[in-house]
Amino acid sequence: MSIEEMVESYLGDGTLPDLPDRHFIAGDWAAPVNGGRMETFDAGAARPFHVVAAGDAADVDRAVAAAERVQRAWGRTKPSERGAILMRAAALLRQEAARFAFAESLDSGKPLQEAEGDVAGAARAFEYYSGAADKIEGGTFPVGSDHIAYSLPEPMGVTAHIIPWNFPISTAARGIAPALAAGCTVVAKPADTTPLTMLMLAELLVRAGLPTGVCNVVTGTGPDAGAPLVAHPGVRHVTFTGSVPTGIGVMQAAARNVASVVLELGGKSPVIVFEDADLDAAADGVIGAIFENAGQICSAGSRLIVSRAVHGEMVARVVQKAQAIEMGHGLRRPALGPLNSDAHLGRVRSAVESALSRGRRATIGGTVATDPVTNAGWFFAPTIFDDVPADDALVQDEIFGPVLSVQVAEDEAHALQLANCTDYGLVAGIYTADFGRAHRLARDVDAGQVYLNEYFAGGIEVPFGGNRRSGFGREKGFAAVRNYLRIKGVAGRIG
Ligand code: NAD
């Protein structure tokens with residue numbers, strides 16, 4: 001079935017393609033031990049469309065046990081064979097992209113074209129790490145001619161992956177593909193509002209040749225299914241993407257088992273635009289940075305820091321483009337989709353309402369909205385607050401919605417000071433024609449990743465992660481493979 005046919009059937013009479021509704025454990029669909037069920041919602045229409053398993057500790061125990069049973073065999077599978085399986089998974093994912101993109105768009109609410117991009121990105125992650133599997137090398141160490149010393153990189157063991165709802169399949173792929181390449185087994189817990197594509201991916205991996213039990217999925221809420229997973233003594237490493245408070249709890253739970261963690265916790269990232277920048281490119285960059293996925297991106301450019309000389313002109317350009325953005329149900333391919341859940345819409349709304357009650361004025365937006373076709377859905381209008389003081393909550397707090405705050409910079413030093421004025425340090429965008437300035441700021445800005453003259457530049461090849469409250473550890477690039485390895489040093493006398 002083509003993606004257009006799936007969309008037409010669903011928007012017409014609600015007909016859905018086959019979607020998973022149970023956990024995926026030991027290579028098979030598994031009913032929840034205690035029978036829990038939960039609904040997943042079509043955010044663009046504000047109504048449930050499917051029911052999945054609501055798992056708990058009993059399901060987590062089964063999934064971790066399944067992974068533990070095959071950990072040794074998978075860790076000792078020839079690396080080139082592991083790589084070949086990942087490459088076949090990438091090819092299958094590209095073949096079945098329509099089914100995945102449809103499910104991702106419906107489950108998350110995001111525009112279909114963005115979901116298609118995410119599925120292509122996930123396939124790309126499997127391709128990239130398929131090539132990494134047989135390039136994990138140890139070293140030798142100079143201890144003298146009568147001794148020998150070398151290192152053996154080993155898989156960490158069973159790894160837990162807590163997946164957020166804003167980029168379900170991309171976050172899953174960027175964590176799971178390097179874990180599998182390194183020889184680790186996986187138990188994944190997708191967000192309760194977006195369980196589908198992780199389940200579909202685990203099933204696809206088995207068809208690609210992944211031995212059963214190597215990748216398992218338990219669906220459910222954070223407290224019921226996520227918490228027992230990250231606290232499980234069988235788990236040796238946790239990769240978590242989500243909010244700061246939950247990340248702190250995950251780290252504490254993993255600490256009790258002395259398991260390692262990678263935390264990717266969001267941000268309040270600046271897009272700095274200087275007077276010498278290409279303002280057309282910068283305005284497009286700012287719009288994409290904050291309105292793609294309705295601003296529900298850890299690395300969203302939620303603060304525009306602009307030189308005073310072009311402040312008025314930049315704001316006018318960005319406002320004009322923002323006013324032209326069409327909202328709608330994600331499956332209709334709008335420029336802006338709904339927020340992922342009613343609860344999240346409530347969080348965005350309350351952040352904006354509290355700013356308005358403090359006397360901040362929205363240049364545009366500031367209100368909830370609906371799909372113009374159906375008058376339903378959990379939408380928030382594109383919103384811009386101009387000239388916001390650095391200590392205001394609009395600058396300091398992650399809103400995770402389509403809300404941009406503008407800060408005015410007097411010069412380069414001031415722009416840097418404003419860029420570094422929050423507790424976060426995930427990414428920064430810099431628009432300038434001055435090569436030296438671009439690289440000075442790239443050096444000095446406190447961020448895990450810097451985009452020069454194109455926001456969201458780069459791909460799976462470039463390491464990604466945060467500083468300070470944005471977390472620690474790096475995903476993407478070869479750096480991600482190291483999260484899943486421990487190094488054994490071997491030394492001995494030979495002479
Ligand atoms: P959250 O951090 O609570 O949820 C993220 C993931 O963690 C989900 O899979 C959730 O089920 C799981 N989880 C929740 N409690 C858990 C626990 N005790 N143990 C293990 N796993 C647990 O985020 P949220 O409530 O869905 O969203 C709130 C805010 O988080 C957003 O407004 C946004 O600021 C931030 N967020 C950031 C990202 C990101 O990409 N960094 C993604 C999603 C949400």
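Tutor: A residue is buried under 20% relative accessible area, exposed over 50% and partly exposed in between (1.4 Å probe, protein chains only). The model is predicted, so local features need pLDDT of at least 70 and side-chain atom pairs pLDDT 80 or more, while totals for chains, interfaces and linings use all residues. Residues are numbered from 1 along each chain as its sequence is written, and side-chain values use heavy atoms, without hydrogens and water.

Student: Why is Glu410 called partly exposed?

Tutor: Its relative accessible area is 48%, so Glu410 counts as partly exposed. Arg308 also has 48% and is partly exposed.

Student: What makes Arg308 and Glu410 a salt bridge?

Tutor: A salt bridge needs a side-chain nitrogen of Lys or Arg within 4 Å of a carboxyl oxygen of Asp or Glu. For Arg308 and Glu410 the N to O distance is 2.7 Å. Helices (H or I, at least four residues) and strands (E, at least two) are DSSP runs, numbered from the N terminus.

Student: How many salt bridges does the structure hold?

Tutor: There are 29. One of them joins Glu275 and Arg437 at 3.6 Å, N to O. The pair links the loop between β11 (269-273) and α10 (279-291) to helix α15 (residues 435-444).

Student: How do you know whether Arg437 is buried or exposed?

Tutor: Arg437 has a relative accessible area of 9%, so it is buried.

Student: Why are α4 and α5 called oblique?

Tutor: Helix α4 (residues 97-108) and helix α5 (residues 112-132) pack at about 125°, with axes 8 Å apart. Axes are lines fitted to C-alpha atoms, for helices over the stretch in contact, and angles between N-to-C directions run from 0 to 180 degrees. Under 35 degrees is roughly parallel, over 145 roughly antiparallel, 65 to 115 roughly perpendicular and the rest oblique. The two helices α4 and α5 are therefore oblique to each other.

Student: What is the relation of α2 to α8?

Tutor: The axes of helix α2 (residues 57-75) and helix α8 (residues 222-230) come within 8 Å and cross at roughly 40°. That makes α2 oblique to α8.

Student: Where is Pro111, and what makes it buried?

Tutor: Pro111 sits in the loop between α4 and α5. Its relative accessible area is 1%, so Pro111 is buried.
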